[in-house]
Amino acid sequence: MSNTDIEIVVEDPTAPEADSPAVASTGVVDVVVSLLLLALALTLGWDNWRTGAAWDSTGPQAGYFPFYLSVILGAASLYGLATAFLSRKEAAETFVTRAQLRRVMAVFVPTLLFCLATQFLGLYVASFLLIAVFMRMVGKIALWKSLLTAFVFTAAMFVTFDIAFDVIMPKGPFEAAFGY
Amino acid sequence: MEAFGLLMHGFAVLLTWKTLLLMMVGLVLGIFVGVLPGLGGPNGVAILLPLTFTMDPTSAIVMLSCIYWGALFGGAITSILFNIPGEAWSVATTFDGYPMAQQGKAAEALTAAFTSSFIGSLVAVLLITFLAPMISSFALKFGPPEFFAVYLLTFCSFVGLGREAKHKTVISMSLGLLLAGVGMDTVSGQLRMTFGSTDLLRGINFLVAVIGLFGISEILLTMEERLALRGHAAAISLRVVLSVWKDLPKYWVTLLRSSFIGCWLGITPGGAIAASFMGYNLAKRFSKDPDSFGKGRIEGVFAPETAAHASGTSALLPMLALGIPGSGTAAILLGGLMVWGLNPGPLLFVEHKDFVWGLIASMYLGNVVGLVLVLTTVPIFASILRVPFAAVAPMIVVSCAIGAYAIQNAMFDIWLMLGFGVVGYVFKKIGIPLAPFTLALVLGNRAEDAFRLSMIGSGGDMKVFWSNGLVGSITTLAIVLLFWPVIDRVFGGVGRLLRPAKASI
């Protein structure tokens with residue numbers, strides 16, 4: 001078998017290294033998630049109890065159905081907690097390595113900033129910034145390509161949603177300057 | 001033959017230039033979504049749903065379902081050419097599809113995949129055409145207790161038959177049901193679980209959650225992987241297509257068996273993933289030459305693709321007939337129905353004939369058009385993978401945000417989407433399944449209403465769920481399925497005890 005017929009090759013220059021050390025094991029994350037779910041179940045259960053989880057003349061009260069669901073959720077999380085402590089096999093598995101976490105953060109942090117920017121600058125400006133900066137910084141793509149792609153995509157979204165389909169997006173001072 | 005006449009009417013609804021254009025747009029977008037890494041059927045449909053908000057329901061569902069067919073077709077392209085399954089159900093296609101591409105038979109493999117997808121879908125659509133109206137007219141007699149029993153059956157079968165750890169399915173499901181209850185209680189009008197927040201007053205929107213859980217979390221997961229890829233380029237010539245089609249009748253047993261498996265697993269919540277593997281394994285077991293599988297045998301492409309598509313399509317049957325989605329994507333389409341102001345359930349067949357039959361007709365037409373489209377445009381779509389992920393990822397994020405915002409025009413929903421993105425990422429990594437969550441979130445309110453209405457009707461007596469033969473048997477079946485793993489083990493144990501005794505006689 002020769003490789004001469006391979007025609008499409010895409011490189012990934014910032015790929016996470018395979019031998020990167022683990023940041024957390026699945027077992028630890030399992031325990032943390034179970035505890036969070038248990039806390040959620042307790043909070044929601046308490047709130048539903050307050051709303052009224054009993055019966056009155058018209059049938060079950062508003063909190064009846066969700067209250068028992070909270071109980072089920074709590075019980076399942078407790079069970080999950082117990083199995084997470086008991087099973088040693090799964091616990092040793094890697095949840096995420098350091099290199100992977102770095103890459104995930106490289107998407108998550110810009111996404112978080114994008115949401116913040118949307119709140120203050122409007123969605124379209126935020127989207128232009130996100131695409132341009134992400135392509136330049138994470139993808140190491142030429143500046144002009146990044147700017148052009150960001151502009152074309154944002155403009156296309158604006159035309160599709162705000163103009164063609166009448167789906168109105170949040171706007172900021174920039175759009176206001178143009179009268180939108 | 002009433003169904004046939006109505007189907008013809010459906011075609012008449014579809015055959016306008018506008019609808020056909022939307023169909024093409026949907027298919028192209030769908031294939032695009034299916035080919036791109038980090039996106040798939042449910043994500044694509046969820047993200048593109050806002051586009052349809054201002055359309056009439058029939059155009060909207062035609063476009064959305066075409067996105068779905070497109071995504072199903074698109075998954076096969078990356079599996080065969082790049083050995084990267086775009087979707088979990090395409091994994092089995094890579095077993096023989098990629099070796100075929102390595103041997104320079106990529107065009108044959110692709111033709112086989114697309115053709116068998118087409119056949120699988122066609123069988124499932126035929127099933128829907130004739131079975132769905134029957135089931136829905138039967139279900140018209142259902143009252144609240146029957147509906148609650150059917151919901152219970154759906155939830156229980158997920159727990160009992162799912163492959164994941166049982167408590168994780170239960171967690172996922174109860175969480176979904178709980179979040180569905182946030183906001184105003186539909187029966188008494190009381191507020192619950194809002195903790196004084198005005199944003200939570202509206203409740204947690206199903207589509208916002210789905211966009212976060214599938215769209216955002218998938219991007220995070222994809223970034224963890226090494227994204228470099230090498231693959232084969234292929235163009236399909238008419239000669240290859242005809243030669244593959246000429247051999248098709250030889251494989252009729254495989255095609256039929258896979259279609260059957262797919263339809264069965266699609267209607268019950270087994271899913272396309274299980275169907276594709278089962279189709280592949282059975283084809284291998286019944287083959288005269290099982291060792292040749294995995295080395296580039298065309299049957300190994302036919303079997304899983306037919307099953308996956310039959311299952312993906314037949315998952316729409318319970319959604320149309322009963323208002324219960326059989327898969328994640330069907331759940332999202334169901335969410336769409338509610339946005340367009342339609343009430344899913346058996347009444348759909350009575351009240352919105354145009355819509356239902358338009359959708360069913362679009363399944364036929366969409367698959368035919370899709371087949372022609374993918375066969376002619378494979379090289380273009382394969383080259384989409386040249387676009388670096390660093391350019392695709394932020395665009396997907398923006399599309400997700402637009403989608404989440406557009407549903408209720410609320411900035412809060414964008415934050416909610418981000419939150420669900422993180423939740424989805426962590427859940428997927430520790431093995432908490434997301435499908436039961438999605439299903440619970442979309443069915444939660446309806447299940448609760450059905451439960452409370454039956455309780456009010458019976459004056460709080462649980463016996464209402466066993467009050468007649470129909471509801472009684474559904475409820476009992478639900479409970480049997482819930483404890484199926486336990487029952488299975490008990491029977492297995494009894495069987496093992498009996499067998500040596502028999503042998504000694």
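Predicted model: local features only at pLDDT ≥ 70, side-chain atom pairs only at ≥ 80, totals over all residues.
**Notebook: helix packing in chain B and the A–B contact**

I began with α6(B) and α11(B), where S116(B), I119(B), G120(B), V123(B), A124(B) and L127(B) of the former meet L255(B), S258(B), S259(B), G262(B), C263(B) and G266(B) of the latter, a contact being two C-beta atoms, placed from the backbone, that lie within 7 Å.

Residues are numbered from 1 along each chain as its sequence is written, and chains are lettered from A and ligands numbered from 1 in the order in which they are written.

For the geometry of this pair, I read an angle of about 55 degrees between α6 (residues 106-139) of chain B and α11(B), with their axes 9 Å apart. The two helices are therefore oblique to each other (under 35 degrees counts as roughly parallel, over 145 as roughly antiparallel, 65 to 115 as roughly perpendicular and the rest as oblique). The crossing of α6(B) and α11(B) is right-handed.

I then turned to the pairing of α11 (residues 252-267) of chain B with α13 (residues 299-314) of chain B, which pack at about 30 degrees with their axes 7 Å apart, and α11(B) and α13(B) are therefore roughly parallel. The crossing of α11(B) and α13(B) is also right-handed. Among the residues making the contact are T254(B) and I261(B) of α11(B), and F302(B) and H309(B) of α13(B); by class the contact has 10 nonpolar, 11 polar and one charged residues.

Next I checked α8 of chain B (residues 166-181): at 1.5 Å a residue, its 16 residues should span 22 Å, and the end C-alpha atoms are 23 Å apart, which agrees (the expected span is 1.5 Å times one less than the number of residues). In α8(B), 15 of the 16 residues are buried, that is, with 20 or more other C-beta atoms within 10 Å of their own. Just after α8(B), G183(B) takes a positive phi of about 110 degrees.

Last, I looked at the two chains together, and 68 residues of chain A are in contact with 64 residues of chain B. On the side of chain A that touches chain B, the largest share, 12 residues, comes from α3(A).

How values were computed. Helix = DSSP H or I, 4+ residues; strand = E, 2+ residues; numbered from the N terminus. Buried ≥ 20, exposed ≤ 12 C-beta atoms within 10 Å, placed from the backbone. Axes fitted to C-alpha atoms, helices over the stretch in contact; angles between N-to-C directions. Left-handed = near helix turned anticlockwise from the far one by under 90°. Nonpolar A, V, L, I, M, F, W, Y, C, P; charged D, E, K, R; others polar.
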